[in-house]
Amino acid sequence: MKNKIKKGFIRYLRDEIAIEYKACLYFFFILFFYCVCLVCNGIYSAGIWHMAEMILTAYCMVYLQVYGFHNFDEAEQLGKKEAAAMFLCTGLYTAASFGFQWFGRHMAVTVLFFCYMLFGYWCVYLINKIKRKIDTENLNRMLSEFKKENKAG
């Protein structure tokens with residue numbers, strides 16, 4: 001029983017660490033776009049209320065990604081389910097940007113934001129895929145070295 005609780009707690013911590021990482025990553029995506037829009041309009045200070053909305057939106061979306069859509073941005077292959085989840089989450093971020101008026105409800109900027117977030121999701125998917133490949137190669141190399149050491153010893 002104690003071991004089962006420990007494993008469950010470790011799984012919970014693993015998920016929460018991933019959620020923290022992703023929420024910060026997606027918040028940065030949004031904040032960068034927001035700041036670029038402000039600078040393009042000659043504004044050199046960002047609204048703290050909008051930033052609070054952005055980070056809360058990012059956390060909510062990441063929880064949805066992890067628990068509702070099974071970490072689609074970490075999938076092995078980008079299939080129909082993952083693509084649909086990617087478009088849905090991008091749409092929800094875009095709806096939040098429009099509802100909270102992050103970009104003043106300008107349609108052209110909102111459409112550009114949609115494309116930007118979709119591209120961001122695709123980049124995160126590719127980065128995770130590359131990281132998995134590198135990790136697999138390193139694990140295989142370490143396994144080969146371990147086998148060689150055990151044969152010699």
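**Entry 1. Ala52**

I began with Ala52, which is partly exposed at a relative accessible area of 31%. I use buried for under 20% relative accessible area, exposed for over 50% and partly exposed for what lies in between, with a 1.4 Å probe and protein chains only. The model is predicted, so I note that local features need pLDDT of at least 70 and side-chain atom pairs pLDDT 80 or more, while totals for chains, interfaces and linings use all residues. Residues are numbered from 1 along each chain as its sequence is written, and side-chain values use heavy atoms, without hydrogens and water.

I located Ala52 in helix H2. Helices are DSSP runs of H or I with at least four residues, strands are runs of E with at least two, and both are numbered from the N terminus.

**Entry 2. Helix lengths**

I compared end-to-end spans with expectation, taken as 1.5 Å times one less than the number of residues. H1 has 39 residues and should span 57 Å, and its end C-alpha atoms are 57 Å apart, which agrees. H2, with 21 residues, reaches 29 Å from its first C-alpha to its last, close to the expected 30 Å. For H3, the 20 residues should span 28 Å, and the end C-alpha atoms are 28 Å apart, in agreement.

**Entry 3. H1 against H2**

I recorded the packing of H1 and H2 as an angle of about 135 degrees with axes 8 Å apart. The axes are lines fitted to C-alpha atoms, for helices over the stretch in contact, and angles run from 0 to 180 degrees between N-to-C directions. That angle makes H1 oblique to H2; under 35 degrees counts as roughly parallel, over 145 as roughly antiparallel, 65 to 115 as roughly perpendicular and the rest as oblique. The crossing is right-handed, a term used if the near helix is turned clockwise from the far one by less than a right angle, with anticlockwise being left-handed.

I listed the contact residues, contact meaning heavy atoms within 4.5 Å. On the H1 side they include Asp15, Glu16, Ile19, Glu20 and Lys22, and on the H2 side they include His50, Met51, Met54 and Ile55. By class, this contact has 16 nonpolar, two polar and four charged residues. Here Ala, Val, Leu, Ile, Met, Phe, Trp, Tyr, Cys and Pro count as nonpolar, Asp, Glu, Lys and Arg as charged, and the others, Gly among them, as polar.

**Entry 4. H2 against H3**

I then turned to H2 (residues 48-68) and H3 (residues 80-99), whose axes come within 11 Å and cross at roughly 160 degrees. That makes H2 roughly antiparallel to H3. Their crossing is right-handed. Thr57, Ala58, Met61, Val62, Leu64 and Gln65 of H2 meet Cys89, Leu92, Tyr93 and Ala96 of H3.

**Entry 5. H1 against H4**

H1 and H4 pack at about 145 degrees, with axes 11 Å apart, and H1 passes H4 in a right-handed crossing. The residues that meet include Phe29, Phe32 and Phe33 in H1 and Phe113, Tyr116 and Gly120 in H4. The contact divides into 14 nonpolar, one polar and no charged residues.

**Entry 6. Buried residues**

In H2, I found His50, Glu53, Met54, Thr57, Ala58, Met61, Val62, Gln65 and Val66 buried, and these pack against H1, H3 and H4. In H3, the buried residues are Ala85, Met86, Cys89, Thr90, Tyr93, Thr94, Ala96 and Ser97. Their cover includes H1 (2-40), H2 and H4 (107-152).

I looked up Thr110, placed in H4, which counts as buried at 6% relative accessibility. Leaving aside residues up to four places away in sequence, Thr110 touches Thr94, Ser97, Phe98 and Arg105.

**Entry 7. Positive phi**

H1 is followed by Gly42, with a positive phi near 75 degrees. Just after H2, His70 has a positive phi of about 55 degrees. Asn71, in the loop between H2 and H3, has a positive phi of about 55 degrees although it is not a glycine. Gln101, in the loop between H3 and H4, is likewise not a glycine and has a positive phi of about 60 degrees. I noted Gln101 as partly exposed, with a relative accessible area of 40%.
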